[in-house]
Amino acid sequence: MDPLSALRDFTMRGELDKITRVNGEFRFGEEYSFPCSAETAYRSTKGNRYTLETLVHYINNHQLKHTEYFQSTFALGIPSVTLPDRKPLLQYLQGTLSSTDSVEYRPEDIPHPLPPNPNNPPLLHHQQLPSGLIPQNAPHPHPPPSHPPPAPEEPQLDFISLIRSVEKPLKDRESLLECKNRDFYSVLVAATKREEERQRIESQQRKDGLVAKSRLMGADERGLGFGDDMGYDPTPKPKMHLKGSKIGEGVPIIFVPSAFQTLITIYNVKEFLEDGVYIPTDVKVKQMKGARPDCVTVQKKLSRDRVVTAYEVRDKPSSLKAEDWDRVVAVFVLGKEWQFKEWPFKDHVEIFNKIIGFYMRFEDDSLESAKIVKQWNVKIISISKNKRHQDKAAALEVWDRLEEFVRSRSHS
């Protein structure tokens, strides 16, 4: 009797409790004895043969779930029955299946009888077994070999299978992307409120009434005075008159031409100086809603300076009072003498000694258009007609020259 047939016989008779383990072998009542590590004729789907120890443990614990069963075999350090083999193996051992392709007998599958005991009946051989218990292709019984059986091989554990058997999948990729039971509406509301608050603050800073209250500010190293930690000078500054050369109290003023023949006007000066983008005047006029502005406030946003200076941009010299001319620091010239007709200076030499001048032109315009301007002490700034990405460099050049001029004028 081979180990598999003996185990099947005891299972079908309901006598599994008579199978006991003594040292390194299983004893089937008083009838048979086999080594625990003896390979049976049942071959797994992986190709290896199950040991008797594996089958005995499985038939006694087949009611466990596969995970629990696998953990028990891992704790005992014995190989386990694979999940695909569990059902057909159980049916074969219980007699539901009379035969299966997984059973393959070898010539060396020989019985291991117990030593003779005068008080016990002799062990059954194939001739004494019922026909239903004799496996097919079983070898003819013969006396046991004189040499001892080979030492059993140590079972090899599949650690990857052990790890996967105890894994519990919680989420997959799709469930993570679905974000169930989570509402991102509050995030959208918070972002919207933050953007609205930013726009409100920016709009408030641009109001002329608020900016007009600010003073000319500047860092100490830039020569624009330095007061408290916020960059304001708390010391009142005396008002200057035309006889002097320093900047008067209040927000500095930049003049632009009121005519449309120039590139920079009251309509597009804000976009050019703050954003570094040139927009033609006729385009801005069509986009503008409401009345024509008399004053526009601009700030330098093209740098990361901690202290930002605000400037008023105007195009009507007649709107200034006598004391306001102390605050004029720059002018965009048209290239015509009549532009300075209402200015309180005797000639353009005096004007450009006290005020820095800029002349904007397209880089491919003829030099004839700047013939008069070249005779004046003004800075010519050229921009492209089509390459708007170059406008920022031109705007930065205006700011750099303007700030340099304000520093030198403040120190004089």
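Which residues do ring pairs link into a cluster? I found F255, W325, F340, W343, F345, F352 and W376 joined that way. I kept in mind throughout that this is a predicted model.

**Entry: overall count.** I counted 12 helices and 11 strands in the chain. Of its 412 residues, 38% are buried. I then took the contacts with a separation of 6 or more, and residues 24 or more positions apart account for 60% of them.

**Entry: the cores.** I went to the largest nonpolar core next and found 30 residues in it, with F272 and L402 having the most contacts inside. Helix 9 (269-275) and helix 12 (391-411) each supply at least two residues of this core, and so do strands 7, 8, 9, 10 and 11. Helix 12 gives the most, with 7 residues. I listed the partners of F272, leaving aside neighbours within four places in sequence: I264, V277, Y278, M360, D391, A394, A395 and V398. Another core lies apart from this one; it has 26 residues, including M1, F28, L52 and Y58. A friendly reminder to myself: in soluble globular proteins, nonpolar side chains tend to be buried together.

**Entry: aromatic pairs.** My search of the whole structure gave 19 aromatic pairs. I picked out Y311 and W399, a tilted pair at 5.6 Å centre to centre with 55° between the planes. Y311 lies in strand 8 and W399 in helix 12, so the pair ties together parts that are 88 residues apart in sequence. Both Y311 and W399 are buried.

**Entry: charges over rings.** I checked two arginines. The charged end of R8 sits over the ring of Y92, 4.4 Å from its centre. For R13, the charged end sits over the ring of F10, at 4.6 Å from the ring centre.

**Entry: D315.** Is D315 buried or exposed? I found it in the loop between strand 8 and strand 9. D315 counts as buried because its relative accessible area is 4%, under the 20% cut-off. Leaving aside neighbours within four places in sequence, D315 is in contact with F255, V256, P257, S258, I266, R292 and D294. F255 was already in my notes, as one of the residues in the ring cluster.

Technical notes
Residues are numbered from 1 along each chain as its sequence is written. This is a predicted model: local features need pLDDT of at least 70, side-chain atom pairs count only at pLDDT 80 or more; totals for chains, interfaces and linings use all residues. Side-chain values use heavy atoms; hydrogens and water are left out. Helices (H or I, at least four residues) and strands (E, at least two) are DSSP runs, numbered from the N terminus. Buried means under 20% relative accessible area, exposed over 50%, partly exposed in between (1.4 Å probe, protein chains only). Contact means heavy atoms within 4.5 Å. A nonpolar core is a set of buried Ala, Val, Leu, Ile, Met, Phe, Trp, Tyr and Cys residues joined through side-chain atoms within 4.5 Å. Rings of Phe, Tyr and Trp (its six-membered ring) pair if their centres lie within 6.5 Å; planes under 30 degrees apart count as stacked, over 60 as edge-to-face and the rest as tilted. A charge sits over a ring if NZ of Lys or CZ of Arg is within 6 Å of the ring centre and within 35 degrees of the ring normal.
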